[in-house]
Amino acid sequence: MLPIESIVEINNELLSDLTIGDSLVFTMPNGAEQQIIISKINKISDKVTSWDLQNTQRQDIGKITQISNLTEGSFITDNKDEYHLRTVNNKGWITSKSQLMSNNDNAVKRNSEAFSELLK
C-alpha cells in the first residue's frame with residue numbers, strides 16, 4: 001500500500017489544454033513541490049498523447065503519456081529523486097521509485113513464501 005500522500009487526481013481537461021512552455025507544479029508525497037515545464041507534445045492518435053517534461057533549468061526530466069483513460073509517467077525532481085505517476089479515470093498515485101521498489105520487494109517476499117508452501 002502507498003501512503004495517503006501519494007494519491008492524486010489528474011484533470012484531463014487541463015492535460016488536453018497544455019501547450020509547449022506551460023508549467024505544472026506537482027506536490028510530491030513528501031510535501032516538496034516540483035515545477036515541470038512542457039517541452040514537447042506528441043499527439044500520436046486520438047487516444048494517445050505524450051508530453052515531454054523539463055525542469056526550470058530546461059533539462060529533460062521525463063515524460064507523461066496518456067492512453068484513453070490511463071495516464072502514466074515518470075520524471076526526475078530537482079533533488080534527483082525519481083517519481084512515477086499513474087492514474088486511471090483521472091485518479092491514481094504519484095510516488096518515488098524507492099517507495100515502488102519497497103512495495104514490490106514486500107509483495108515478492110509475501111508471494112514467494114506462499115508459493116513455496118504450495119510446492120511442498
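Visitor: Where does N90 lie?

Guide: N90 lies in the loop between strand 7 (82-88) and strand 8 (91-96). Strands here are DSSP runs of E, at least two residues long, and helices are runs of H or I, at least four residues long, both numbered from the N terminus. A word on the model: it is predicted, and local features need pLDDT of at least 70, side-chain atom pairs count only at pLDDT 80 or more, while totals for chains, interfaces and linings use all residues. Residues are numbered from 1 along each chain as its sequence is written, and side-chain values use heavy atoms, with hydrogens and water left out.

Visitor: Why is N90 called partly exposed?

Guide: N90 has a relative accessible area of 22%. Buried means under 20%, exposed means over 50%, and partly exposed is in between (1.4 Å probe, protein chains only), so N90 falls in the middle class. Its backbone deserves a glance too: N90 has a positive phi of about 75° although it is not a glycine.

Visitor: What makes R58 partly exposed, and where is R58 found?

Guide: R58 has a relative accessible area of 49%, so R58 also counts as partly exposed. R58 is found in the loop between strand 4 (48-54) and strand 5 (60-67). R58 is not a glycine, yet its phi is positive, at about 65°.

Visitor: How do you know whether T71 is buried or exposed?

Guide: The relative accessibility of T71 is 1%, which means that T71 counts as buried. T71 lies in strand 6 (residues 70-76).

Visitor: What makes the link between T71 and Q66 a polar contact?

Guide: The side chains of T71 and Q66 are joined at 3.2 Å. A polar contact is a pair of N or O atoms within 3.5 Å; within protein, one must be able to donate a hydrogen and the other to accept it, and residues adjacent in sequence count only if both atoms are side-chain atoms. The T71–Q66 pair is listed as a polar contact at that distance. Leaving out residues up to four places away in sequence, T71 touches L15, I64, T65, Q66, L85, R86 and T87, where contact means heavy atoms within 4.5 Å.

Visitor: Which residue has its side chain joined to K63 by a polar contact?

Guide: D52 does, at 3.5 Å. K63 sits in strand 5 and counts as partly exposed at 37% relative accessibility. Beyond its neighbours within four places in sequence, K63 is in contact with several residues, including W51, D52, E72 and S74. K63 and F75 are 12 residues apart in sequence and 6.5 Å apart in space, C-alpha to C-alpha.

Visitor: Why is the pair of F75 and Y83 called stacked?

Guide: Let me begin with the search of the whole structure, which finds 2 aromatic pairs. In one of them, F26 and F75 are stacked, at 5.5 Å centre to centre and 25° between the planes. F26 lies in strand 2 (residues 23-27) and F75 in strand 6, so this pair ties together parts that are 49 residues apart in sequence. The rings of F75 and Y83 have their centres 6.4 Å apart and their planes at 20°, so this pair is stacked. By definition, rings of Phe, Tyr and Trp (its six-membered ring) pair if their centres lie within 6.5 Å; planes under 30 degrees apart count as stacked, over 60 as edge-to-face and the rest as tilted. F26, F75 and Y83 form one aromatic cluster.

Visitor: How do you know whether F75 and Y83 are buried or exposed?

Guide: F75 has a relative accessible area of 1%, so F75 is buried. Y83 is buried too, with 5%. F26 is likewise buried.

Visitor: What is the overall pattern along the sequence, and how much of the protein is buried?

Guide: The protein has 2 helices and 8 strands, in the order β-α-β-β-β-β-β-β-β-α. Buried residues make up 30% of the 120 residues.
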